[in-house]
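I opened the model to look up its strands, a helix and a pocket. My notes are kept in the order in which I looked.

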Amino acid sequence: MFESTKAFSGFSVDDIPAAKRFYGETLGLRVTEENGMLTLHIAGDRPILVYPKENHTPATFTILNFPVDDIDSAVDRLAERGVVFEMYDIVDSKGIMRKGGPPIAWFKDPAGNVLSVLQLD
């Protein structure tokens, strides 16, 4: 039934203008807005819907992962743009987990949703 549909994912935020600035300016994604909702246009032509929700509760899991070639460089560049990385017990002083899987660093969007950058190679 759904084999040929172009499925897409979505998540909620509590402030569309703040999300638009963060995803568009801070992260540098192409963002469009229509009917009070955002669409994030990421590589691979897979849109992600960002919708307002009055009683928004941030996701307690990673909702979006961004693969990068060099995690240290990506963390440094994002930090320069004001991104604050989560300092879980399993990360180093830069906020990067380097054991038990690919190097990964988590951060949150303005609505508190968890995102990550990870180095796959």
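The entries below cover the source, the sheet, the hairpins and the pocket.

Entry 1, source. I noted that this is a predicted model, in which local features need pLDDT of at least 70, side-chain atom pairs count only at pLDDT 80 or more, and totals for chains, interfaces and linings use all residues. Residues are numbered from 1 along each chain as its sequence is written, and side-chain values use heavy atoms, with hydrogens and water left out.

Entry 2, sheet. I took helices (H or I, at least four residues) and strands (E, at least two) as DSSP runs, numbered from the N terminus. Strands pair if DSSP finds at least two bridges between them. I found 4 strands in an open sheet with mixed pairing, in the order β5-β8-β7-β6. β5 (62–68) and β6 (96–97) are at the edges with a single partner strand each, so one side of each has no neighbour in the sheet. β6 runs antiparallel to β7 (residues 104–108), joined by 2 bridges. Ile96 stands opposite Ala105 in β7.

I saw β2 (residues 30–34) pair antiparallel with β3 (residues 37–42) over 5 bridges. Their hairpin has 2 residues between the strands, and Asn35 takes a positive phi near 55°. β3 also pairs antiparallel with β4 (residues 46–52), over 5 bridges. Here 3 residues lie between the strands, and Gly44 has a positive phi near 90°.

I looked up which residues lie nearest the centre of the largest pocket. They are Leu27, Phe66, Val68, Leu78 and Val117, out of 13 lining residues. β5 and α2 each supply at least two residues of this lining.

A pocket is an open set of points on a 1 Å grid over the protein atoms alone, where a 1.4 Å probe fits, with protein on both sides within 12 Å along at least five of seven lines; lining residues have an atom within 4 Å of a point.
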